[in-house]
Amino acid sequence: MPAKQEMVVANVVVPLDFTYNYRVGPYIERYIKGLGEKKILGTRCSGDGSVVVPPRKICGRCNKAMDEYVEVGPEGTVENFTVGHVRLDKGLVEKADREYVIGLIKLDGATSLLPALIGGISPDGVRKGLRVRAVFKDPAEDSLGDLVHFEPAG
Amino acid sequence: MDKVAVVAQAQVMSGAIGIPRERMLYETVKSLYDELGITRDDIGTFVLNSNCFEAGRTIANVFEDTPVGAYMKDETHVDSDGLWAVAYAAMRVMSGNYDTALVVGNSCGASTFRPYLMMDYQLNPVYDRQLGLLNELSTAALQANAYLDRFDAGEEALAEIAARCLRNAANNPNAVRSNPGASADEVLASDRLYDPLRELMCYPFTDGACAVIVASEKRARELTDRPVWIRGMSSSVDSYYIGERDLATSRATKVAAGRAYDMAGISDPAGQIDVAEVGAKFAHQEPIICEALGLFPEGSAGKVAADGTAEIGGAMPVCPSGGGLGAYLFSAAGLVRVAECVRQLQGTAGDAQVADARTAVAHGQDGFCAQHDAVMVLSTEEG
């Protein structure tokens, strides 16, 4: 037996290289189609009447179907926001090139808040209660990115 | 509810690349067996608690069975937070089929895999993950702002909470981040992430293992003269969508606590509970959870920070271990909270000991902004 055991390999790096294929489903498909027409769609619950954005099939609160599409916004109110100083890249924290604002927007006609970027305004100018309007990509690319951000309305 | 008790606990923690997972598990469980003078033959059922995604191995428990002694035993796995694993073990003992259950959790968030990336993979893949706006830190910041805004509190209160946790952690040999002289100013001077979150308001990445043994009343009395009775337990889950939740409060914790308190005969939580160990991953989650547990009035973070109520010597000590800001075992943190309550109630918490602690509440969470919450009431009083 050797007197001293030397460590020859301390760590191994094991990449998991695979891809998941998820069905987007008709609700997000229709939402994306709506963004291309500069419309923001939600669905209304047949039980408690709540209107959620993005649209989905089942209401969490009352477990009822939400089959009625409703156009909401494009204006809304900033209900909550945070100024980001970092970005997360695959779970690693990196300093952001510049500060940016993630808001929770209460779109007119919706009961839920939509997480979205707030642009067209200095981060230190953003306040709760600020009225904002959706900015859409033109021409549309048929992706979630067609809703670019929200900027101050009016 | 049939009487069931936690009879012993053990923990091994590291904030850096430590020892391999299997050895960590072996040493943790071996120390428990040795403390009680038992072997794996004395364990009726094994509940393993780990996260397959974190381990990078599907059905991660099959690799953990050997070091903990579960070979050819009744064995099962809990992938949620470790407090659910303790609840599950208690139910298996209460079923009458087993006298003893070993609950053992582990996680390698400091060395093997990044906790923030694990949280990214909890996001809705066809929407939130595509947009890249939400992550563990940005959602936590929105939750913190919801609380500060609702109750007109300042970020200084959050810094005071973080500083207390880091000071308490200095008394905990298992903490991986601590500072006996931590101050709010130091917390506020740490790196800004998403406002109002600073680096020292967030949980540190932690490698570790934690184990407890749950036993029936008869077996508990044979194994220890200090059984810690599980008097009540419950869990509840809120909406995944943070835009549909009231982030300033934790309704799921409140509902779970209500059921656990009913089982335990607790009608005045602040009066009847001597110490709390809550699964807060961020400074602001401590008041949100404690208020939902009925330990403090809603929106009282500033007042509690100022008057010392939550200190180890205060009227309602919270996380004398340093809580999640001292060490946070991703997916096993709630098990650690139970273990810390057991240390308190068995009188083995050393410099962190709360005097005359008889009844404790433990809390564990999963999901963004503590979407899913579990509550357990533990007590040396038999009820």
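Chain B and chain A bury about 2900 Å² between them, and 66% of this area lies on carbon and sulfur atoms. The model is a predicted one. The size of an interface is often given as the accessible area lost when the parts come together. Chain B contributes 31 residues to the contact and chain A contributes 35 residues. Across the interface, 12 residue pairs are in polar contact. On the side of chain B that touches chain A, at least two residues each are supplied by α5 (115-120), α6 (128-131) and α7 (136-150). The most is given by α7(B), with seven residues.

Two salt bridges are counted between chain B and chain A. In one of them, B:D149 pairs with A:K128, with the closest N and O atoms 2.8 Å apart.

A nonpolar surface patch of about 1100 Å² draws on residues of chain A, including A:V8, A:V9, A:V12 and A:V14, and on B:F53 and B:Y121 of chain B. Further members of the patch include A:L16, A:F18, A:Y20 and A:Y22. Within chain A, A:V8 belongs to the segment before α1 (25-36). The relative accessible area of A:V8 is 75%, and the residue is therefore classed as exposed.

Over all chains, the structure holds 35 salt bridges. Side chains of opposite charge can pair when their charged atoms come close. Because B:E27 and B:R23 are four residues apart in helix α1 (residues 21-36) of chain B, about one helical turn separates them. Both partners are partly exposed, B:E27 at 35% relative accessibility and B:R23 with a relative accessible area of 47%.

Another salt bridge joins the side chains of B:R198 and B:E155, at 3.4 Å from N to O. B:R198 lies in the loop between α9 (184-189) and β5 (207-216) of chain B, whereas B:E155 lies in helix α8 (residues 155-169), so the pair ties together parts that are 43 residues apart in sequence. B:R198 is buried at 4% relative accessibility, while B:E155 is partly exposed at 25%.

Helix α8 of chain B also holds B:R167, and the pair that this residue forms with B:E311 links distant parts of the chain, 144 residues apart. B:E311 is located in the loop between α14 (301-307) and α15 (323-326). The side chains of B:R167 and B:E311 meet at 3.3 Å, N to O. B:R167 has a relative accessible area of 25% and is partly exposed; B:E311 is likewise partly exposed, with a value of 28%. In chain A, salt bridges that share partners join A:E75, A:D108, A:R131 and A:R133 into one network.

Two buried polar residues of chain B were also examined. B:E277, in strand β7 (residues 275-277), has a relative accessible area of 1% and is buried. Its side chain makes a polar contact with the side chain of B:S321 at 2.9 Å. Apart from neighbours within four places in sequence, the contacts of B:E277 include B:C319, B:P320, B:R337, B:E340 and B:H363. B:Q344 lies in helix α16 (residues 333-345) and counts as buried at 2% relative accessibility. Residues up to four places away in sequence not being counted, B:Q344 touches B:V275, B:P320, B:A349, B:A352, B:Q353, B:V354 and B:A357.

Notes:
Residues numbered from 1 in each chain as written. Chains lettered and ligands numbered in written order. Predicted model: local features only at pLDDT ≥ 70, side-chain atom pairs only at ≥ 80, totals over all residues. Heavy atoms only, no water. Patch = residues over 30% accessible without salt bridge, like charges linked within 9 Å, V, L, I, M, F, W, Y side chains within 5 Å. Areas by Shrake-Rupley, 256 points an atom, 1.4 Å probe, with all protein chains shown as cover. Salt bridge = Lys/Arg side-chain N within 4 Å of Asp/Glu carboxyl O. Buried < 20%, exposed > 50% of the residue type's maximum accessible area, 1.4 Å probe, protein only. Contact = heavy atoms within 4.5 Å. Buried area = accessible area lost by both parts, 1.4 Å probe. Polar contact = N/O pair within 3.5 Å; in protein donor to acceptor, adjacent residues only side chain to side chain.
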